[in-house]
Amino acid sequence: MSTALLARDPDLARLLDDGYDITLVAGHIIVRIPYVTDNRTVERGFLAHPVTIAGDRFVSGTDHRIWFGGSTPCDEHGRPLTLANPETRAIADGIQANFMLSSKPPDGYSDQYTKITAYTRIVADHAHALDPTATPTPGAAWQEIEDDSPFAYRDTATSRAGITAVNRRFRGQRIAIIGLGGSGSYILDQVAKTEVDSILLIDGDTLDNHNAFRAPGAPTLNTLRARPPKATYFASVYTHMHRGVTGCA
């Protein structure tokens, strides 16, 4: 999967120009920031923003929430920030957020840059009040952690739902679906959206009109006229999303 277009996203470019340390992992933008603990020490935690991607480019489209990784974020007096709600969110192996932060301005956030910098100020300004050297902009850094995904493009559905770690459990599985009729074709539609390693489709029939009305999707009239093998037809459709799908007629 190409990462170059993502790195050139205008919102990310503005964050990097400001000097933020950013990691893209498992459908989240991770921004490392200083914060105040309940004993008034300054530590470093992170903000985790689930992204919306259209094809291979970022778009602004998530809600007003963001997640925080670290102990309870507090103000400079050691009082917990009222916008921090305890909520565990497993982002990736070894990366877990502990709080959901909710601060919604009247008109929402116009873009990702505005949202991330607003939450950074809310949390990190208290750290700066205690330690003037504590800064959320230590110098621009960009890293994308590759995860050997079987998908042809980035899966942001699981990251938005907060179930990325759950979906990872399917890795290592090799699935065979025998028969792609009214049951098998719908099983394929669901399994193709999990992180299984491979999916082998086995069906000796051709794709005819009655099959089209028993399966997800909508083949064209010209496709039905050609009567392709069902196994190779469904494999050609679902390889657009999952690289491990093959058909055997």
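**Note on the predicted model**

1. The largest pocket is lined by Phe-151, Tyr-153, Arg-154, Asp-155, Thr-156, Ala-157, Thr-158, Lys-193 and Met-241. Sorted by class, this lining comprises 4 nonpolar, 2 polar and 3 charged residues. The space in the largest pocket comes to about 160 Å³.

2. The coordinates are those of a predicted model. Mean pLDDT for the protein chain is 90, and 95% of the residues reach at least 70. Where pLDDT is low, predicted coordinates should not be read in detail.

3. An open sheet is built from 7 strands in the order β7-β8-β6-β3-β2-β1-β9, and its pairing is mixed. At the edges are β7 (84-92) and β9 (141-144), each of which pairs on one side only. Between neighbouring strands of this sheet the average turn is 30°, direction ignored.

4. Within the sheet, β1 (residues 21-25) pairs with β2 (residues 28-36) in the antiparallel sense, over 4 bridges. In this pairing Thr-23 is placed opposite Ile-30 of β2.

Definitions and conventions
Residues are numbered from 1 along each chain as its sequence is written. This is a predicted model: local features need pLDDT of at least 70, side-chain atom pairs count only at pLDDT 80 or more; totals for chains, interfaces and linings use all residues. Side-chain values use heavy atoms; hydrogens and water are left out. Two strands pair if DSSP finds at least two bridges between them. Helices (H or I, at least four residues) and strands (E, at least two) are DSSP runs, numbered from the N terminus. Axes are lines fitted to C-alpha atoms, for helices over the stretch in contact, and angles run from 0 to 180 degrees between N-to-C directions. On a 1 Å grid over the protein atoms alone, a cavity is a set of points where a 1.4 Å probe fits but cannot get out, and a pocket is an open set with protein on both sides within 12 Å along at least five of seven lines; lining residues have an atom within 4 Å of a point. Grid points are joined across faces, edges and corners, and a volume is the space filled by probe spheres set on the points. Ala, Val, Leu, Ile, Met, Phe, Trp, Tyr, Cys and Pro count as nonpolar, Asp, Glu, Lys and Arg as charged, and the others, Gly among them, as polar. pLDDT is the predictor's confidence in each residue, from 0 to 100.
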